[in-house]
Amino acid sequence: MKPEKRDYDAVIVGSGPNGLAAGILLQQHGLSVLLLEGKDKIGGGLRTEELTLPGFKHDVCSAIHPLAAGSPFFETLPLHEHGLEYIYPEVAAAHPFDNGTAAVLKKSIIETADLLGEDRDAYIKLMAHLVKSWPGLAADVLGPLTFPKHPVDLAVFGLDALTSSTHLAKRFKTEQAKGLLAGMAAHSIQPLTNLATSAIALVLMANGHLKGWPVPKGGSVKIADALASYFISIGGKIETNTYITAFEQLPWANAVLFDVTPKQLLQIAGHKFSSLYKWQLERYRYGMGVFKIDWALDDVVPFKAEGAKQAGTVHIGGTLKEIAMGEQQIWDGHHPEKPFVLLAQQSLFDNTRVPEGKHTAWAYCHVPNGSTRDMTDIIEKQVERFAPGFRERIIGRHTFNTRQLENYNPNYIGGDINGGVIDIGQLFTRPVLRRSPYRTSAKGIYICSSSTPPGGGVHGMCGYHSAKRALKDVFNISIKS
C-alpha cells in the first residue's frame, strides 16, 4: 500500500518505541509528521496478543520495562493521561539457585545487599554512587558519544561499566552476588567475558533501585498505545499496513527517519548513499538470537525460592560460571543444554491479562543467530529445575524461533532483539563510525532504530536523539536537553 501523496515536514518509517519517540519530538516542535507502519498494528516490539488460549494476553516481544520507566524522554511525556499505568513488583528480579535460595533485586539497595551475606558491603559500594548519580547521568549514558554533562560521574561509571562482567564479578565472594550480576549482564546477549558487558548490568540494577522494573497494566502494547495517542493528540498522523520496501514509496518530506536496522536501510535507500557509507553499513554485525515461549498456566510457576515467587522477572541459569559458559557456547554457534533463561510472570501482578485463577509466563533463551532449533524442551527443563512441577501447570504454549521472530518484526535480524550486537566494537560506533551516528550520507535521511546509540531496550532514546539531530540539521531548531 502506498501512503497518501502529499508533503510532510518529516516521515518516520516504523512505529516501534524509537519511531514513536522521534515522531513525538518532531511534532512537538510544530512540524507535520507522518508515521508509517508496515503491520496492521503499531508498536514494533510493543505488542500484546492472545497467543495461546482465549483470554490469555501475552507480550509478543518485550515484557518488563525498567528503561521505559526511567527513560529521560518518556518521563517528560504525559503518558499516564493516555492510558499507561505501570505496576511495580516489590521484587524487580530474582536469581534462583539449586539450593532453593535466590538473590533478588529490590528497590532498596540495603535490602538487596542484606541478602548477599558477606558481599553486602561490596554490593553497596558498587551501586550506591551510581544510583545517587544516575538521574543526572542517564542522559549521558543513554545517548551518543559526546562531551558529557557530568564528566566526573561518567568517568566513575565508566571504570566499572567498560569492564567485562566476569571481571567485575571478582569484587564478590558469594555465588549469590556473582549470579545476580551474571543474570543482569546476560541481557547484553553476548559472552560475559566481553568488555562493557558490565554496563548493561549496572544500568539495569540502577534503574531497579530507582524506578523498579515495571509491568504495563494490560500488556506492553499499552506503552505503544499511549505514545501513539499522545502523538496523535498533538497533530501527528499514523498510517498502518504500509510496508516500505523502496524509498520511492514515500511521500515527499524534508526529513525521513528510519526505525529499521542497517540491513533494511540498505534495501530501502541504499541507492541514495555514498559508497563508503554503504560499505560501512554492510559491515554491521548482528548478534545472537532468541527462542521465545509463552505459556498459559492453570496456576503460578512453583518456584522453590520465595524471592522468585514474588518477582516480575526471574533469571534462570544458576551460577556465574554456568551462565558464562552457556553464553560463550551460543556465541560460538552451539546450543547449550542448560541455557540462561529470562522469564517474566506478569500475571502475578496484572490479573487483567488472564482468566480468573489462571496465569501466564513469558520466557526466552539465547541461541545462535538464525537458529531454527526447537528449544522448548530445554527451556522447560531449566524452569522445572528451579520450579518442580512447572510442566504440570502448562495448559497452552506458543513458540517463536529466530526466523519466526524476524518475520513478525523485521528489525529482529536472525532473532537479534538488540538491533545488532552491543559489544565494545559497536557500543560507540553503531551503526557506523561517524560524527553523528543518526545521520546517513544522504541529506535529510536518518536512522533512529536500536541500531544507533544507546541500543536495544524500550526507552525511545535512539528516536529522540535522531529526531534532535534532524531538527538541528534540517529545520535549524536546537534543543538543549
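User: Taking helices (H or I, at least four residues) and strands (E, at least two) as DSSP runs numbered from the N terminus, where does Asn-241 lie?

Analyst: Asn-241 is in the loop that runs between strand E9 (237-239) and strand E10 (253-258). The model is predicted, so local features need pLDDT of at least 70 and side-chain atom pairs count only at pLDDT 80 or more, while totals for chains, interfaces and linings use all residues. Residues are numbered from 1 along each chain as its sequence is written, and side-chain values use heavy atoms, with hydrogens and water left out.

User: And what is the phi of Asn-241?

Analyst: Phi of Asn-241 is near 55°, a positive value in a residue other than glycine. Most residues other than glycine have a negative phi, and most peptide bonds are trans.

User: On peptide bonds, which one is cis with omega near 0°?

Analyst: The bond from Arg-430 to Pro-431 is cis, with omega near 0°. Pro-431 is found in the loop between helix H16 (424-427) and strand E16 (445-447). A cis bond also joins Pro-453 and Pro-454, where omega is about 5°. Pro-454 belongs to the loop between E16 and H17.

User: New topic: at what angle do H1 and H17 pack?

Analyst: Helix H1 (residues 17-28) and helix H17 (residues 461-475) pack at about 35°, with their axes 7 Å apart. Axes are lines fitted to C-alpha atoms, for helices over the stretch in contact, and angles run from 0 to 180 degrees between N-to-C directions.

User: Which residues of H1 make the contact?

Analyst: Asn-18, Ala-21, Ala-22, Leu-25 and Leu-26 of H1 do so, and H17 contributes residues including Met-461, Tyr-464 and Leu-471. Contact means heavy atoms within 4.5 Å.

User: How do H4 and H8 cross?

Analyst: The axes of helix H4 (residues 120-141) and helix H8 (residues 197-210) come within 9 Å and cross at roughly 90°. That makes H4 roughly perpendicular to H8, the term for 65 to 115 degrees (under 35 is roughly parallel, over 145 roughly antiparallel, the rest oblique). Among the residues that meet are Tyr-123, Trp-134 and Val-141 in H4, and Leu-202, Asn-207 and His-209 in H8.

User: How many of the H4 and H8 contact residues are nonpolar?

Analyst: The contact has 13 nonpolar, 2 polar and no charged residues. Ala, Val, Leu, Ile, Met, Phe, Trp, Tyr, Cys and Pro count as nonpolar, Asp, Glu, Lys and Arg as charged, and the others, Gly among them, as polar.

User: Finally, what does the domain assignment give?

Analyst: The chain is assigned domain 1 (8-84 + 216-284 + 413-475) and domain 2 (87-214 + 288-408); such bounds come from an automatic or database domain assignment. Their C-alpha centres lie 25 Å apart. The contact takes 48 residues from domain 1 and 58 residues from domain 2.

User: What area is buried between domain 1 and domain 2?

Analyst: It is about 4100 Å², of which carbon and sulfur atoms give 64%. Buried area is the accessible area (1.4 Å probe) that two parts lose on being put together, summed over both.
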